[in-house]
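Me: I am new to this structure. Please take a close look at a single part of it and tell me how that part sits among its surroundings.

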Amino acid sequence: MQALSQESAVREISDGSIISPKGYKSAGVHAGLRYSKKDVGAIISTVPANSAAVYTTSLFQAAPLKVTQESLAAGGVLQAVIVNSACANACTGQQGYKDALEMRKLAAGKFGLEECSVAVASTGVIGEYLQMEKIHAGIAALEPKNGAESAEDFQTAILTTDTVMKSCAYEADIDGVPIRMGGAAKGSGMIHPNMATMLGFVTTDACISQSVLQKALKEVTNSTFNQITVDGDTSTNDMVLVMANGLAGNQPLSPEHPEWDVFLGLLGSCCENLAKQIAKDGEGATKLIEAEVAGAVSDQEGAAAAKQIVGSNLVKTAVYGADANWGRIIGALGQSNISLDPENVDIWIGPICMLKNSEPQAFSEEEANAYLQKENIKISVDLHNGKGRGKAWGCDLSYDYVKINASYRT
C-alpha cells in the first residue's frame, strides 16, 4: 500500500483528536434525541477548507448524504460539519430531505456561513423522522471550541451502539513544516464497507487541492475503511469526510510533490487507526482480528482474501471460542474467488504455524488456546502464488451481537 510506504515519517500524537490540526474547533451537546447522551455535534474550520468524501454504496443513500454531496458539488469547499446521532434520517422521503436541508440551514446561520459550506451527517435508526424541534435547540446550543473537552463532546455526540469513542491524530513534516491530521469515527454494527454504518471525519491543516484530496482519500479508503467488516451488512448513511484548510503553510500537495508519499502515509495511518478501532468495537465483540495475506497474484486478490477471512462467521466464532480450527480459514479462502494453488498454502494463527505447503503441522492446543485468549488476534496466510499482499480487520462474533441487535430500537 503506497499510503503507508512513508509511515516512518509519521508520528502519532498521543493526546491528539479531530481538532489537533490548526484552525479547527468542535462541540457536542445533548439535545434530547437520545435519552441522556450527547447527540448533536459540529466540526468547524476557521477558514474555508478543501474537502473530499466517499459514501456508502447502498442504493438507499440517506438524505444527509445527498445534502452533503450537493454542498461539495457547489465548489468542493466546506467550513462546517453538523452531525446528529439517534436518528439516521434514512428512507424518510421528501420530508427527510427537507429536514436535512433545514439542518444545513440552521448550522450555516448559527456559524455565519454560506449553506453550501456545511456538510450534514446523521446516524441511528432507519425509517424515523428527525425531531426537528430538538435539532433546532441542539444546533442553537453548540459553541465550538478548541480543547480536549470540546473534542470529546463531539466524539461522544456521534456514537450509537459504540462502546468507546474513536479518535486519533498524527503529524509529519512536509516542506519543513509540521502537517497535522486528526480523526474521529463512529461505527459498531452493520459494518461491511464499501462504506457501511460508520461515519469517519478527518481534518488536516495541509495545503492540497480538492481534486487531489479526493483521489488520495479514495486510494486510502480502499485499503483501510473498505477492508473492515463486522457483520457483512451495509447501511444507508455512511461516509468518510476529509477537510484540508491549508493553515500549515506547506506547498500545495500533489503526486508530483517530492514528499507526496509522506502525506499519503499520514492519511493512511489516520484512516487505518480509525478503521481498526471500528472493527475492534464491533457490536458484542471481544477481540480484534487482523488477517494478512501474502503471495497473492495481486494486491487486490490479497485484500479480497484477507477480507473473506475476517468476514467469515465460522472464523469469527472460532476466534470467540479460542478454538484453533484452521479449517475455518481454509473454508473462507476456498470461497474467496481468487487464484490459489490448494496444494501450496501456509497458515499461521499468531506465531503458530498450522499449515505448511498445505500439510497440517503439529502444534500445542494449549499454546494456541492461550494465544486466542488475547484481545488482538492475527491470522497470516501465504499463498505462494505471486507478490500481492492484503490486510483486513474484523472482530469475533459473540452471543452479545444477537442480544444487541435483537433490541436495537428499544
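**Helix H8 and its surroundings**

Reply: The buried residues of H8 pack against S10, H7, H9, helix H10 (365-372), S14 and S15; packing here is contact, with heavy atoms within 4.5 Å. The model is predicted, so local features need pLDDT of at least 70 and side-chain atom pairs pLDDT 80 or more, while totals for chains, interfaces and linings use all residues. Residues are numbered from 1 along each chain as its sequence is written, and side-chain values use heavy atoms, leaving out hydrogens and water. Helices (H or I, at least four residues) and strands (E, at least two) are DSSP runs, numbered from the N terminus.

In H8, Val315, Lys316, Ala318 and Val319 are buried, that is, under 20% relative accessible area with a 1.4 Å probe and protein chains only (exposed is over 50%, partly exposed in between). Because their arc around the axis is only 165 degrees, they lie on the same side of H8; the arc is taken from the directions from the helix axis to the C-beta atoms. An α-helix has 3.6 residues a turn, so residues three or four places apart point the same way. Just after H8, alanine 322 has a positive phi of about 55 degrees.

H7, one of the partners of H8, has its own buried residues, including Glu301, Gly302 and Lys307. Their cover includes H8 (313-320), H9 (327-334) and the strands S10 (288-296), S14 (376-382) and S15 (388-395). The 13 residues of H7 (residues 299-311) should span 18 Å at 1.5 Å a residue, which agrees with the 18 Å between its end C-alpha atoms; the expected span is 1.5 Å times one less than the number of residues.
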